[in-house]
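Colleague: I have the sequence and the coordinates open and would like to go through them with you. Could we start with the strands and then move on to the helices?

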Amino acid sequence: MHTEQTDLPIAALATASGAAGVCVVRVSGCGALELGDRLMPPGVCRPSERAAGTFFHTAVLHPLSGERLDDAVLLVYRAPHSFTGEDTLEIQGHGGGVPSRRLLDAVLAAGARLAEPGEFTKRAFLNGRLDLTQAEAVCDFIQSKTDRAAQVARAQLDGALGRQILALYERMTAVCADVEHLLDFDEGVLPDRFLSRTSDAVQGLMDDLRRLAATWNEGHLLRDGALVVISGRPNAGKSSLLNALLGRDRAIVHEVPGTTRDAIEEGYSLNGVPLRLVDTAGLRETGDAVEREGIARARSLMRQADLNLHLVDVSCPPDERQLEQELVALPKTRTLIGFTKCDVAPAREVALPRGMPHVRFSAKTGAGLDELKAALARLLELDAESGGIPVVSLRHVSELREAVAQAQSACRALSAGPDMLVIAAGYLRGGAEALGRIVGRIYTDDLL
């Protein structure tokens, strides 16, 4: 934020640029309603004179030239009952690149400054309208790719995750307060079973923290999408599978080996979770420099994958030794073997190492595709209901894991006896501070 302009109201387009029926320019801060007065034609009741929650239709004039820019609907919000907690004015004019830019230019000419990215949400947090988890959920909700991702972001925006973490934080702070009080005011004599009761309370906290942190797998997949790399030898059916899952001809399918030379990525929704399906170059030895580069990229993607779907053509499978070498060369990530072209009589049975998950299907006829989807969901752990709001932010899960580590250390200190109580207090304080950072609470203030 520019320090010399912090007293100015901020303004920005609240709608995406481009062709549209309506655009919204939002103005927030001290003087936002008075700024709207300078855009009104004579004789119109001004925004600063109107009650909160009212809206009205009016012409909008440029504050310097007096040019009539648009006919718009203006909405009046008064502090603290707005998104930011400040006086806010919304101007709803006609959409389109030029009309929306002219409206925003007029607002800036009237005395606002252009908001920095995320500044409206930042002000909502600073004014106590949102906690940190809710502020972070705004972007997740806007960028959600599936219904399930939108549901989770909406629940987090409503404060569901924040309430869970705040409850854990308050439990941790209560334990800290008991220990700190004992250290500050008691004469070195511990109440009966104080250490065991405190240790049990911390253990219960640690179990709940671990359960919440374990939802990270589902949460980060909802936010970022799961990277599923389709690999295999040339003509194993990789491009055919991609087309079959998408329901359209996205990748070229041809009997000539080496048709796909670069990675082709497409979005796909499975059980409400966005997947990033990547069709890769066929894995083989080749003298073609371009194809070699494609194979190198394929292997790099396989190492990054959340799941590697490795295809084996049952109509002409490799022999047992070749298949063993092929599987050994796979990266140590979650792998599902897909036996393709199951509509064709297999040349022979293919033996896999015991316990390696596999599925048979035909991209041509669609047979086995439902089983393939179920296997993908199972290996990505998308078929298990978490029963709550998962943790979607890397920041959140990092702080939760830090709180678990601090609680674990506190338990070890408590089990060592009264002489380690000061050390245990330090670990408990560290755990409470980690949880407080998630929701934006300050441990020292709350402890007092």
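Colleague: Is strand S5 enclosed or open to the outside?

Modeller: This is a predicted model, and in it five of the seven residues of strand S5, residues 88-94, are buried, so the strand is largely enclosed by the rest of the structure.

Colleague: Which strands does S5 pair with?

Modeller: S5 runs antiparallel to S2, to which it is joined by seven bridges, and S5 also runs antiparallel to S4, in this case with five bridges. To place these pairings on the residues, Cys23 has Gly93 in S5 as its bridge partner, while Val73 stands opposite Gln92 in S5.

Colleague: What is the strand order in that sheet?

Modeller: The sheet is open and has six strands in the order S3-S4-S5-S2-S1-S6, with mixed pairing. Its edge strands are S3, residues 55-61, and S6, residues 113-114, each of which pairs on one side only.

Colleague: How many bridges hold S3 to S4, and in which sense do they pair?

Modeller: S3 and S4, the latter covering residues 68-77, are paired in the antiparallel sense over seven bridges, and within S4 it is Asp70 that stands opposite Val60.

Colleague: Changing topic to the helices, how do H13 and H14 cross?

Modeller: The axes of H13, residues 394-415, and H14, residues 421-439, come within 8 Å and cross at roughly 165°, which means that H13 is roughly antiparallel to H14. The contact between them involves, among others, Leu400, Ala403 and Ala410 of H13 and Ala424, Tyr427 and Leu428 of H14. As for its hand, the crossing of H13 and H14 is left-handed.

Colleague: What about H7 and H13, how do their axes cross?

Modeller: The axes of H7, residues 194-213, and H13 come within 9 Å, crossing at roughly 155°, and therefore H7 is roughly antiparallel to H13. The crossing of H7 and H13 is left-handed. Residues of H7 including Leu195, Val202, Met206 and Leu209 meet residues of H13 that include Val397, Val404, Ala407 and Cys411.

Colleague: Which residues of H12 are buried?

Modeller: In H12, residues 369-379, the buried residues are Leu369, Leu372, Ala375, Leu376 and Ala377. The buried residues of H12 pack against helix H9 (238-246) and against several strands, namely S7 (226-232), S8 (264-270), S10 (307-313), S11 (335-340) and S12 (358-360).

Colleague: What follows H12?

Modeller: H12 is followed by Glu381, whose phi is positive, near 60°.

Note on methods. Residues numbered from 1 in each chain as written. Predicted model: local features only at pLDDT ≥ 70, side-chain atom pairs only at ≥ 80, totals over all residues. Heavy atoms only, no water. Pairing = 2+ DSSP bridges. Helix = DSSP H or I, 4+ residues; strand = E, 2+ residues; numbered from the N terminus. Axes fitted to C-alpha atoms, helices over the stretch in contact; angles between N-to-C directions. Parallel < 35°, antiparallel > 145°, perpendicular 65-115°, else oblique. Left-handed = near helix turned anticlockwise from the far one by under 90°. Contact = heavy atoms within 4.5 Å. Buried < 20%, exposed > 50% of the residue type's maximum accessible area, 1.4 Å probe, protein only.
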